[in-house]
Amino acid sequence: MSLSALNAISPIDGRYRSKAHELAPFFSEEALIKYRVLVEIEYFIALCEIPLPQLTSVNPAVFNDLRAIYNDFSEKDAMAIKKIEGVTNHDVKAVEYFIKEKFDALGLADYKEFIHFGLTSQDINNTAIPLSIKDAINTVYVPEYTIVLNKLKELSVDWADISMLARTHGQPASPTRLGKEIAVFVTRLEEQFNLLNDIPSAAKFGGATGNFNAHHVAYPEIDWKAFGNKFVQGKLGLHHSFPTTQIEHYDHMAALFDTLKRINTILIDLDRDIWTYVSMDYFKQKIKAGEVGSSAMPHKVNPIDFENSEGNLGIANAVFEHLAAKLPLSRLQRDLTDSTVLRNVGVPFGHTIIGFKSTLKGLNKLLLNETKFAEDLENNWAVVAEAIQTILRREGYPNPYEALKGLTRTNSVINQNSISSFIDTLEVSDTIKEELKRISPSNYTGI
């Protein structure tokens, strides 16, 4: 059975394939193999550039041919490596054997024992995977995040002057402005994204237990730690973690996942707020011809995009949480649990991208119902009580809070007339009374 959207087990590769397919070049099995090939090739070239005595005769002109092995990497190449793995039962060793075959074809057979020289498989995995994550974030995640962020910025400006009744504990509270409430999410997202940029993409590279044992015993005169720094940071553009055990300690990767999780949590918060505003009739939604909102109720236009986003971001966070909690834990110098969970690293990114796109789709469908905003404000004149009692405090009026409490904490209707009548009873100057009467739910919105 060939894989299709209908028989895929994961919805990332099935129902939502069209939304997450951009991540395949970074997190698929083929992608992981390609990144391993890249690291092995660049490592061999770096050994030539030291140069190791046995590699001084390698002509630098061949480096372009070597890089073509990963630059032109194909599905056919990936299948060839999987076939070798079927014999070796070891995925990284299969990559080594594949590259050795390429060396034979390039006339480099005399040098092929310096492929994977002194390394353990984790030197390859712990550089290939952080590199793929870094590339995925820069190529896919950041552009999708930026589109959502820019949309929110746009809406915060468009809605800057829309007064709205705030609700704390679900109850009417001091009025605010819709644009400002959207700007809250913009600021939260930007601050977490800044933290994201501060987290290094860390990689381990130091042999079987992190000490360059094999390298040092073969070439004790070479500063292998300096070589590791130059290779990981200069060649691969990653942060070289040192010292380590056999594996990278994953502390920076855990911090990355935790920050990605917080960004998702902020968007879940947004999804829920917008969903609630839709239910309050603050927003209508654009209707697309041919679509139905319910199999039974023809009138319904459901806020499904925000629901879809919330669900997918929640799944993403559950996996990010497990990765962040599990990866920094490893028995002694290493166990294999990191390897199996890291094969799922693309899953939370997939659900995150699906969530981003769903939130964006929902935001683009919103139609502002200004009449409802105004209606809610007009029906809740009690919220200006805070303003009135604060000005009375300024004027030294006795017990202003208690006076307003007596007016507002009743079941009687509070409206503009009753507020105005109350102001008339206050023993303050006419100037202060006029100041108080200029306050309304629609203009008591702060700064």
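The legends below describe close-up views of a predicted model.

In this predicted model, local features need pLDDT of at least 70 and side-chain atom pairs count only at pLDDT 80 or more, whereas totals for chains, interfaces and linings use all residues. Residues are numbered from 1 along each chain as its sequence is written, and side-chain values use heavy atoms, with hydrogens and water left out.

View 1. The lining comprises 30 residues, of which Asp13, Phe27, Ser28, Glu29 and Arg343 are the closest to the pocket centre; a lining residue has an atom within 4 Å of a point. Two or more lining residues come from each of α1 (17–20), α2 (24–27), α3 (29–49), α7 (121–158), α13 (337–342) and α14 (346–364), the helices being DSSP runs (H or I, at least four residues) and the strands likewise (E, at least two), numbered from the N terminus. By class, 13 lining residues are nonpolar, ten are polar and seven are charged, with Ala, Val, Leu, Ile, Met, Phe, Trp, Tyr, Cys and Pro counted as nonpolar, Asp, Glu, Lys and Arg as charged, and the others, Gly among them, as polar.

**View 2. The largest cavity, with residues from α7 and α11.** One cavity of 30 Å³ or more is counted, a cavity being a set of points where the 1.4 Å probe fits but cannot get out. The largest cavity has about 90 Å³ of space, and its lining consists of Pro130, Ile133, Lys134, Pro200, Ser201, Ala202, Glu248, His252, Met253 and Leu256. Both α7 and α11 supply at least two residues of this lining, which by class has six nonpolar, two polar and two charged residues.

**View 3. Packing of α3 against α4.** The axes of α3 and helix α4 (residues 63–71) come within 8 Å and cross at roughly 165°, the axes being lines fitted to C-alpha atoms, for helices over the stretch in contact, with angles that run from 0 to 180 degrees between N-to-C directions. The two helices α3 and α4 are therefore roughly antiparallel, on a scale where angles under 35 degrees count as roughly parallel, over 145 as roughly antiparallel, 65 to 115 as roughly perpendicular and the rest as oblique. Their crossing is left-handed, meaning that the near helix is turned anticlockwise from the far one by less than a right angle, whereas clockwise would be right-handed. In α3, the residues that meet α4 include Lys34, Val37, Leu38 and Ile41, and their partners in α4 include Phe63, Leu66 and Arg67; contact means heavy atoms within 4.5 Å. The residues of this contact divide into ten nonpolar, no polar and four charged.

**View 4. Packing of α11 against α14.** Helix α11 (residues 251–279) packs on α14 at an angle of about 30°, with the axes 11 Å apart, and α11 is therefore roughly parallel to α14. The crossing of these helices is left-handed. Phe257, Leu260, Ile263, Asn264, Leu267, Leu270 and Asp271 of α11 meet Phe349, Thr352, Phe356 and Thr359 of α14, a contact with seven nonpolar, three polar and one charged residues.

View 5. Most residues other than glycine have a negative phi, and most peptide bonds are trans.

Notes:
On a 1 Å grid over the protein atoms alone, a cavity is a set of points where a 1.4 Å probe fits but cannot get out, and a pocket is an open set with protein on both sides within 12 Å along at least five of seven lines; lining residues have an atom within 4 Å of a point. Grid points are joined across faces, edges and corners, and a volume is the space filled by probe spheres set on the points.
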